[in-house]
Amino acid sequence: MGINGERLEKIPVNGSFYIFKSCVSSNVYPGIEACTLKILESLGISVVDTDQQTCCGGFTYFATISPEDTFLATIARNFSVIEGVASDMLVICNACFSVLHYFEKITEGFPDLKVKVNEVLSKIGRRYEQGKVGFWHIAEFIYKVREELARKIKFNLNGLKIAVHYGCHYLRSCPEVSIDSPESPTFLEEVMETLGGTPVNYKEKDLCCGSGWIQRYTARDLSLQITARKIESIIKEEADLIVVVCPFCLSVLDNAQIELETFELLYSRIPVLHITQLIALLLGYDPDKTLGIQMHTTPVTPFIEKLLENTIE
Amino acid sequence: MSDYLGFNKQAEDGSSWNWSFYDKIIKRKIFASFNFTQCYQCGKCVGICPAAQHSNFNPRLIIRDVLFGELNRVLDSEDIWLCFDCFDCKIRCPMDLDIPELIHSLRVEALLHGYYQKGLKTFLKFGRNMLETGTTVPLRGRVKKARKLLGMVENPISEQAVEELRVISEETGLNKHLDFCECLIEDKKREKR
């Protein structure tokens, strides 16, 4: 199938964006949001903000702890908040992206749901209208501006092997709006090549990170087995870094390594970065003050040391 | 426990299919990907499934049970809680069936009928946190410090937003649902004693 040219064409690269806040990004790895801001700043793109957005509500809904009506009304409220400040938003989390897409699909298919959410929103003096805000995944945005970023970076990825992980709730759960083939995507590998790196082709590329939405909490053993398989197959290819596009995948792949070591399911470790963190790092931003690598449990410094040899004059 | 909802009656057309359970579970029938009668039991979903490779989880058998109305067997089994929601099965299904969505519907149904769910206590905390702060993941001290260093505001969600969420939640039954989950947990505790 390859790259979806029509979708790529539509991704806006000027004007102003709202960055949709994700719970894991905001409250576990704040560096992801900070890096996104720096990337946009370096491209000369303005960002608007509001303190009215809440969590997307996806996690609670898919963990069956929240009724569908609450879930739909929460998303509708967020859309109505954002349409007041921007016409396009960038989403830094697969789950948020998937949830926003799911909402649009469901309300388009069942117009009575739209009436229902608006009835709820009227209690707080808000209204939702479909199609007022466009939302784009940060990964596809980066793919579109990759050449420009390659001209701006201060370090390149020459000689470094990168394993990319697409995550489940992006291409596979949203084939209707995916930029690349959901079965065998390659656009992130292309980004890594543009930045000078060598993407590795590993056996378990399609495998889930092990989070499984709830399995990290309900079936820890099962979850760890999957994560072990994933990381092992990456280490086997002697990769220097895992790049993800979802904060939850980052959280699992980063945190599970220490657990896997304890259970003797893993014998060496590999740093994990969100794609925005990697690019901000290449642009020359500070690992502590912008990337927030102090929040990672698997040290990122081994990768940064390798990168320091790749300064572009 | 068997057939206490009366779903296990034979279908009116005399076949072994049971539409009453199917109709209850598959709500969004207009999407072709939710038409599970199209399943021809090829088992591709099982072959690709990460959970199936490490446990007894078997999406093919779950679909069969739904079509045959084996309500108790499906809802009472731990298996429905093992799906990774990874969508590998969906993109490989020859009929493009949305199996993760089916599993989610089954989970909701199981919870509403009082079948206990492992991990409910943890999720309840997330739900309460959502209601109190507007976000699922609680903001801890270490992260507050990091956010400050990164030049970000301590809490990106305003009090007004949380208040609006509270109104929405009251209106749509989140509070009631959380209380219901709490009761389930209490019941389980009593059972253990």
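Two residues are in contact if their C-beta atoms, placed from the backbone, lie within 7 Å. Take the contacts in chain A with a separation of 6 or more: residues 24 or more positions apart account for 80% of them. The model is predicted.

**Overall build of chain A**
- Chain A holds 16 helices and 8 strands.
- A compact globule with 313 residues would have a radius of gyration near 20 Å, and chain A agrees because its value is 19 Å.
- The C-alpha trace of chain A spans about 55 × 45 × 40 Å along its principal axes.
- Of the 313 residues in chain A, 57% count as buried.

**Strand pairing**
- Strand β1 of chain A covers residues 16–20, and strand β3 of chain A covers residues 88–91.
- β1(A) and β3(A) run parallel, joined by 3 bridges.
- A:Ile19 has its bridge partner in β3(A), namely A:Leu90.
- β3(A) also pairs with strand β4 of chain A, residues 134–137.
- This pairing of β3(A) with β4(A) is parallel too, over 4 bridges.
- A:Asp88 has its bridge partner in β4(A), namely A:Gly134.
- In a regular strand, side chains alternate between the two faces of the sheet.

**A helix pair: α5(A) and α7(A)**
- α5(A) packs against helix α7 of chain A, residues 111–122.
- The angle of α5(A) to α7(A) is about 75°, and their axes are 9 Å apart.
- Angles of 65 to 115 degrees count as roughly perpendicular, so α5(A) is roughly perpendicular to α7(A).
- α5(A) brings A:Leu72, A:Ala73, A:Ala76, A:Arg77 and A:Ser80 to the contact.
- α7(A) brings A:Leu113, A:Val117, A:Val120 and A:Leu121.
- The residues of this contact of α5(A) with α7(A) divide into 7 nonpolar, 1 polar and 1 charged.

**Where chain A meets chain B**
- The contact takes 57 residues from chain A and 57 residues from chain B.
- Several helices of chain A each supply at least two residues to the side that touches chain B, among them α2 (23–27), α3 (31–42), α5 (68–82) and α12 (220–236).
- α5(A) gives the most to the side of chain A that touches chain B, with 5 residues.
- The residues on the side of chain A that touches chain B divide into 26 nonpolar, 20 polar and 11 charged.

Technical notes:
Residues are numbered from 1 along each chain as its sequence is written. Chains are lettered from A and ligands numbered from 1 in the order in which they are written. This is a predicted model: local features need pLDDT of at least 70, side-chain atom pairs count only at pLDDT 80 or more; totals for chains, interfaces and linings use all residues. Ala, Val, Leu, Ile, Met, Phe, Trp, Tyr, Cys and Pro count as nonpolar, Asp, Glu, Lys and Arg as charged, and the others, Gly among them, as polar. Two strands pair if DSSP finds at least two bridges between them. The radius of gyration is taken over C-alpha atoms; the globule rule is 2.2 Å times the number of residues to the power 0.38. A residue is buried if 20 or more other C-beta atoms lie within 10 Å of its own, exposed if 12 or fewer, and partly exposed in between; C-beta atoms are placed from the backbone. Axes are lines fitted to C-alpha atoms, for helices over the stretch in contact, and angles run from 0 to 180 degrees between N-to-C directions. Angles under 35 degrees count as roughly parallel, over 145 as roughly antiparallel, 65 to 115 as roughly perpendicular and the rest as oblique.
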